[in-house]
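Here is a short briefing to read alongside the coordinates. Have your viewer open, and let's walk through the chain topic by topic.

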Amino acid sequence: MPRPHRPLLCMSAVMAVLAVVATGGLLLDDRTLDGAPVWAKPLKFALSLGIYGVTWSWLLSLVSPATWAARWSRWLGTALAAAALGEMAVIVTQAVRGRRSHFNVSTPLDSALYSAMGTTIIVLMVANVLAAILVARERRAEPADTWAVRIGLAVSAAGMALGYLMIRPSAAQLAAPVVTVVGAHGVGVADGGPGLPLLGWSTTGGDLRIPHFVGMHALQALPLLALAVRRVADRAARLRLVAAGGLGYAGLTALVTWQALRGQPLLRPDGPTLAAAGLLLAVTAVAALPALSALVPPSAPAARRAAAPAEVKP
């Protein structure tokens, strides 16, 4: 029986409590920050990191027990849990203070907290990559499950790495007499403008949080796809559907990254973005088509002809 990773599950339990606290904050605290409620960010991060912890607890249970990889995976899982808790501590502290947690270097305390959070993110990413390598080495009895996990790990690591696009200082920030902010979510627009409800993603310009979010959650989406195709009888068809889904998801991550970097809102795609989306959809469909066609039962006459015994000639 696979043994869950307790520190990661405890971290997820803490995130569940913080999500409740942040929800209460949204209802009772009317303060805003950059045009959004101060408790919106803690709520989003609590939900995301809670799901992340449960997912990694399951993934690490896939590593063969009583091996060197299993021992290392336990340590790496603990590092993931500790880093996530450290990052969340900074986010909640700044929400209580009514200050920005990300990119904020306006005071020595804000700068120190942002630097501490940056350290936790580096630990999280390094531990994530190393743990992903250990999990990806494992083969499951079902090839579709194996490749769903492997592709999900690769795309998720890429999505996490895309977060570093946000920490680059802009030319305007570097040219300011007093540097108070280093980095931004928005591309072509200032942070804090009109955004989607709760998510906050910009509706007037590009937003680098979108590819970061989409890529990271491949870790959940692709294993769920493998679970969804379990009822398909043909093993090769299951594997092909997962591979096509992985191709499509990786392409989607690349597409929303390209869209954000061009300063384009997610819900207002231009012609090139729509063309690229159509091409991605077509390529994914072509990749999945052989597996889908294998699932279509033959017509009744064809089935009778196939079942009929061959005529014996004298």
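Are Asp207 and Arg209 buried or exposed? Asp207 is buried, and Arg209 is buried as well, where buried means under 20% relative accessible area, exposed over 50%, and partly exposed in between (1.4 Å probe, protein chains only). Please keep in mind that this is a predicted model, in which local features need pLDDT of at least 70 and side-chain atom pairs count only at pLDDT 80 or more, while totals for chains, interfaces and linings use all residues. Residues are numbered from 1 along each chain as its sequence is written, and side-chain values use heavy atoms, with hydrogens and water left out.

**Overall picture**

- The protein has eleven helices and four strands; helices (H or I, at least four residues) and strands (E, at least two) are DSSP runs, numbered from the N terminus.
- Taken along the principal axes, the C-alpha atoms fill a box of roughly 100 × 55 × 35 Å.
- Of the 314 residues, 41% count as buried.
- The protein exposes about 16400 Å², and carbon and sulfur atoms supply 71% of that area; accessible areas come from the Shrake-Rupley method with a 1.4 Å probe, and for residues only the protein chains shown count as cover.
- Among contacts (heavy atoms within 4.5 Å) between residues at least 6 apart in sequence, 68% join residues at least 24 apart.

**Salt bridges**

- Side chains of opposite charge can pair when their charged atoms come close.
- The whole structure holds nine salt bridges, each being a side-chain nitrogen of Lys or Arg within 4 Å of a carboxyl oxygen of Asp or Glu.
- Asp34 pairs with Arg100 in one of them, with the closest N and O atoms 3.1 Å apart.
- Asp34 lies in the loop between β1 (32-33) and β2 (36-37) and Arg100 in the loop between α3 and α4, so this bridge ties together parts that are 66 residues apart in sequence.
- Arg100 also meets Asp191 in a salt bridge (3.5 Å, N to O).
- Because Asp191 sits in the loop between β3 and β4 and Arg100 in the loop between α3 and α4, the pair connects parts 91 residues apart in sequence.
- The buried pair from the opening question, Asp207 and Arg209, forms a salt bridge with its closest N and O atoms 2.8 Å apart.

**Aromatic rings and charges over rings**

- There are two aromatic pairs, counting rings of Phe, Tyr and Trp (its six-membered ring) with centres within 6.5 Å; planes under 30 degrees apart are stacked, over 60 edge-to-face and the rest tilted.
- Phe103 and Tyr114 have ring centres 6.3 Å apart and planes at 70°, so they are edge-to-face.
- Phe103 is in the loop between α3 (68-97) and α4, and Tyr114 is in helix α4, eleven residues apart.
- Phe103 is buried at 2% relative accessible area, and Tyr114 is buried at 16%.
- Trp201 and Phe213 are edge-to-face too, because their centres are 5.4 Å apart and their planes stand at 65°.
- Trp201 lies in the loop between β3 (186-187) and β4 (206-207) and Phe213 in helix α7 (residues 209-216), so the pair joins parts twelve residues apart in sequence.
- Trp201 counts as buried at 10%, while Phe213 is partly exposed at 38%.
- The charged end of Arg150 sits over the ring of Trp147, 4.8 Å from its centre; the rule asks for NZ of Lys or CZ of Arg within 6 Å of the ring centre and within 35 degrees of the ring normal.
- Arg262 likewise places its charged end over the ring of Trp258, 3.8 Å from the centre.

- Helix α7 is mostly covered, with six of its eight residues buried, including Arg209, Ile210 and Pro211.
- The buried residues of α7 pack against α2 (40-60), α5 (143-161), β4, α8 (218-228) and α9 (235-261).
- Ser156 lies in helix α5 and is buried at 1% relative accessible area.
- Leaving aside neighbours within four places in sequence, Ser156 is in contact with Gly215, Met216, Ala218 and Leu219.
- Ser57, in helix α2, is buried at 3%.
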